[in-house]
Amino acid sequence: QGGKGGKGNGKEGDVRFVEVALGLVVDVLSQLPTRRFAWTYLRRQNVLPKARLVLSRAEKMDHKKRSLRILASTVASVANMMAVDVDNLTGEVVTADDSMKTFYGTTQQVQRLFFKYWENLKDVSFLSAKEMASRDVMAEYLGRLSDADLKDLVCVQLKLATPKDFDLYGRQLLEDVFAEEMTMQTSSKRAVEDMPVYPTEALILNPSLIPEDREDMLELVAAVPKINVQFLSLPEYLERNFKLYLTEVGYDVRQHLVGVIKRMSPHLNDEGRVEFAGWSAMGVDVSQAPKVVDVRPADIGWNFPSRVLAEVRFTTRGMQNRVKVEWDQLREHDILLLVSFKDDTDGGMFDATGKVGDLEYLASRIRHVRGCEVKSICDEEGVTMNVPGEDREEEHDGKRGEKDPKGFKRTVT
């Protein structure tokens with residue numbers, strides 16, 4: 001059926017069939033009346049590990065990148081819906097402490113099993129819970145087992161899969177099923193908190209998260225969170241809205257970057273450094289790398305610094321007066337994007353000939369994108385500009401007075 005209904009060859013049709021089927025799974029899991037019965041069945045049938053296995057095999061075959069992106073997005077949506085922090089029977093929100101207790105209980109049971117029945121895996125009993133949750137660590141230990149022993153462990157003792165699954169999908173599926181069972185689920189709240197505050201290249205240049213064009217938008221509908229009348233919990237509903245907002249904002253930022261970068265026309269000079277052949281009112285060349293002046297340690301329980309303070313220097317020389325005034329009007333709490341471009345150390349930029357998509361254009365030139373919040377801006381003499389409460393538009397005898405910034409060099413902190 002996949003070969004008949006799909007476009008192109010049968011393999012492409014099979015991939016399309018899997019996409020549609022997983023889209024239905026996402027809809028079933030997104031509402032509590034159907035999730036209550038479907039979640040247990042899908043978990044027992046190992047739908048998610050099998051979908052990931054199909055995706056990995058499709059990537060090794062000759063498939064279109066667009067179809068693989070859609071499949072990857074749909075698989076990610078299924079994984080997200082399977083891991084929602086909600087009790088499938090009562091509909092109550094599962095707290096992070098409850099999830100942690102469940103994970104530790106599962107880890108201890110598996111370690112006791114290894115210690116009692118598996119001599120060559122007895123040292124697994126002394127691993128920490130974090131190591132047990134690592135796919136790479138457990139893959140190394142499971143590699144000690146033969147196919148028959150692995151089948152006995154996963155299918156007979158742990159009852160995570162069936163012997164038929166092993167016959168159809170092989171050893172890799174059993175290892176993936178075991179890793180899925182031992183994975184420590186991260187709460188959706190913590191996952192959102194760990195995300196960057198401002199868009200980065202990982203979001204802007206990822207076609208699986210932000211569609212590349214209108215055709216992508218239409219095909220990614222199954223993977224896009226839906227705002228239904230019913231939802232699993234208030235945090236899950238807020239997460240759906242957040243992801244939709246993230247996609248919208250990321251697309252807008254990408255379009256703005258495309259317009260600015262194309263106007264500035266970055267290219268490599270004879271020395272392999274980036275130069276700009278054009279200009280844009282919304283972009284300015286930062287010739288010197290930002291100077292980091294303060295990095296505060298991470299707060300307890302977090303994995304990133306609590307604050308990073310840096311100075312960015314640029315010049316307004318050569319700008320039109322209208323553009324110069326706009327840059328001089330930067331104030332505290334304004335948001336800027338710092339963009340670094342690829343140079344000869346990255347193999348040079350892609351010299352596009354003919355029509356190139358916006359995403360490919362950015363990916364061939366951008367190295368990093370980081371957002372920052374303006375704390376202060378100083379003129380060439382180090383005098384702070386745009387102090388809150390001061391009126392910079394005040395005039396004296398029809399002329400701008402001493403409040404005018406000095407020189408052309410600006411330092412943004």
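Modeller: Strand β7 (residues 377-378) pairs with β8 in the antiparallel sense, over 2 bridges. Pairing here needs at least two DSSP bridges between two strands. Strands are DSSP runs of E, at least two residues, and helices are runs of H or I, at least four, both numbered from the N terminus.

Biologist: What stands opposite threonine 384 in β8?

Modeller: Cysteine 378. Before we go on: this is a predicted model, so local features need pLDDT of at least 70, side-chain atom pairs count only at pLDDT 80 or more, and totals for chains, interfaces and linings use all residues. Residues are numbered from 1 along each chain as its sequence is written, and side-chain values use heavy atoms, with hydrogens and water left out.

Biologist: Fine. What's the strand order in the open sheet?

Modeller: The order is β3-β4-β11-β7-β8, 5 strands with antiparallel pairing. β3 (291-296) and β8 (384-385) are the edge strands, each pairing on one side only.

Biologist: How many bridges join β3 to β4?

Modeller: 5 bridges, with β3 and β4 (residues 307-315) running antiparallel. Valine 292 has alanine 310 in β4 as its bridge partner.

Biologist: And β4 with β11, how many bridges there?

Modeller: 4 bridges, again in the antiparallel sense, with β11 covering residues 409-412. Phenylalanine 314 is partnered by arginine 410 in β11.

Biologist: Switching to helices. At what angle do α9 and α11 pack?

Modeller: About 40 degrees, with the axes 10 Å apart; α9 is residues 147-157 and α11 is residues 171-182. Axes are lines fitted to C-alpha atoms, for helices over the stretch in contact, and angles run from 0 to 180 degrees between N-to-C directions. α9 and α11 are therefore oblique to each other. Under 35 degrees counts as roughly parallel, over 145 as roughly antiparallel, 65 to 115 as roughly perpendicular, and the rest as oblique.

Biologist: Which residues in α9 and α11 meet?

Modeller: From α9, Asp147, Leu150, Lys151, Val154 and Cys155; from α11, Arg171, Leu174 and Glu175. Contact means heavy atoms within 4.5 Å. The residues of that α9 and α11 contact split into 4 nonpolar, no polar and 4 charged. Nonpolar covers Ala, Val, Leu, Ile, Met, Phe, Trp, Tyr, Cys and Pro; charged covers Asp, Glu, Lys and Arg; the others, Gly among them, are polar.

Biologist: What about α6 and α11, how do their axes cross?

Modeller: At roughly 130 degrees, coming within 9 Å. α6 and α11 are therefore oblique too. Phe103, Thr106, Thr107, Val110 and Phe114 in α6 meet Phe178, Glu181 and Met182 in α11. By class, the α6 and α11 contact has 5 nonpolar, 2 polar and 1 charged residues.

Biologist: And the axes of α8 and α11, where do those stand?

Modeller: They come within 10 Å and cross at roughly 130 degrees, α8 being residues 135-142. Arg135, Met138 and Leu142 of α8 make the contact with Arg171, Glu175, Asp176, Phe178, Ala179 and Glu180 of α11. The α8 and α11 contact residues divide into 4 nonpolar, no polar and 5 charged.

Biologist: Last topic. How many aromatic pairs does the structure hold?

Modeller: 7. Rings of Phe, Tyr and Trp (its six-membered ring) pair if their centres lie within 6.5 Å; planes under 30 degrees apart are stacked, over 60 edge-to-face, the rest tilted. Phenylalanine 115 and phenylalanine 126 have ring centres 6.4 Å apart and planes at 85 degrees, so that pair is edge-to-face.

Biologist: Where do phenylalanine 115 and phenylalanine 126 lie?

Modeller: Phenylalanine 115 is in helix α6 (residues 96-117), and phenylalanine 126 is in the loop between α6 and α7 (129-132), so the pair ties together parts 11 residues apart in sequence.
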